[in-house]
Amino acid sequence: MYVPVALPSWPAGGGQPGVLTTQIESWVTSPPMRDLVAACGERFPSGGLGELLAGLDEISGRRWDFRAGTLTRAQARVKHGGTWFPPQLRAQVLASATALGLVEQAGPQLTAYDHVLVLGSYLDACLIRALRAAELLAGGVRTGDVCGLTSFRPIEDFDRQAAERLGVPAGEHEVDGMDLALRRAFALDAPLREQHEPSVRLHRRYRTAAGVPVSVIAAASSTNGRANTVDTYREWESTEVADGDRLLLVTTTYFVPFQHCDAIRVFGLGRHRCGIDTIGVAPEYALTTTDHLMEIRSAVRSMRALHTALAGVAQ
């Protein structure tokens, strides 16, 4: 129905802020985004890019914020996953989500990276993301190391159900799932060393049989709540990243746009000017219209934060 819309890009060593601004504008003003807004009965915002992003943030907050500021994604799925949407709107949401980069799996752009980052989430997602990273390395992708970025988010019923279904320990926190996922995917033995601040942060180091360093980093929260994606990025950034490093991020398909834009903001526009490549693996459960709308909103908000950050970068 639509030509796929490219996400913003940022090469190792830094790109052109003006080009990045144009890429953000192309994404947010694309036909699939405009048609989605219209299908939801809203008028597409006008003005400059900052005003467009603010307008889309406001619309998505009213129409697509099923988390309501307090629910986790799993809680929102349980509460709103069965919400009825007219067939035409369901079709439009899926078509827009596909064109905007939330559905299709893609392979890495390069054959060598300085770091592969497996992004944390619920137990089932950690397992499939870690396995995808291991498959890439087994298939010839080279990297200096692999790191799972995670947090001390307490596990939810969604994690417990996945653990029971898969016959694995549920653990107590998200970090337990990431640790399990990496140990299984890379056949890891006992950790080589560990720094642990209980229920706050953790750095745990392993090494594969082939000698590739693998680590698990659980980040502390920057607020009084749970550590978010950016918190995990900043925790890892404080360890071993160097100027101009090439990063491959592995996540789930419908999180790619927002986590990719957050990575550009933290790693690309920051002092290290890292190159960012983000790929997604399809979830093992059927996504709902609610899922796609929530994550399109997440992408809009991350694009807005990225655009704001660009104001502080020399043109």
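In which sense, right-handed or left-handed, does α6 pass α8? The legends below take up this crossing and one other. The model shown is predicted.

**Close-up A. Helix α6 packed with helix α8.**
Helix α6 covers residues 123-138 and helix α8 covers residues 174-186. Their axes lie 8 Å apart, at an angle of about 30°. Angles under 35 degrees count as roughly parallel, so α6 is roughly parallel to α8. The crossing in which α6 passes α8 is right-handed.

**Close-up B. Residues in the contact of α6 with α8.**
From α6, the contact is made by Leu-123, Cys-126, Leu-127, Ala-130, Leu-131, Ala-133, Ala-134 and Leu-137. From α8 come Gly-177, Met-178, Leu-180, Ala-181, Leu-182, Arg-184, Ala-185 and Phe-186. Sorted by class, the residues of this contact are 14 nonpolar, one polar and one charged.

**Close-up C. Helix α5 crossing helix α11.**
Helix α5 is formed by residues 87-99 and helix α11 by residues 289-310. Here the axes come within 10 Å and cross at roughly 45°. This angle makes α5 oblique to α11. The crossing in which α5 passes α11 is left-handed.

**Close-up D. Residues in the contact of α5 with α11.**
Helix α5 contributes Arg-90, Val-93, Leu-94 and Ala-97. Helix α11 contributes Thr-289, His-292, Leu-293 and Ile-296. Five residues of the contact are nonpolar, two are polar and one is charged.

Definitions and conventions. Residues numbered from 1 in each chain as written. Predicted model: local features only at pLDDT ≥ 70, side-chain atom pairs only at ≥ 80, totals over all residues. Heavy atoms only, no water. Axes fitted to C-alpha atoms, helices over the stretch in contact; angles between N-to-C directions. Helix = DSSP H or I, 4+ residues; strand = E, 2+ residues; numbered from the N terminus. Parallel < 35°, antiparallel > 145°, perpendicular 65-115°, else oblique. Left-handed = near helix turned anticlockwise from the far one by under 90°. Contact = heavy atoms within 4.5 Å. Nonpolar A, V, L, I, M, F, W, Y, C, P; charged D, E, K, R; others polar.
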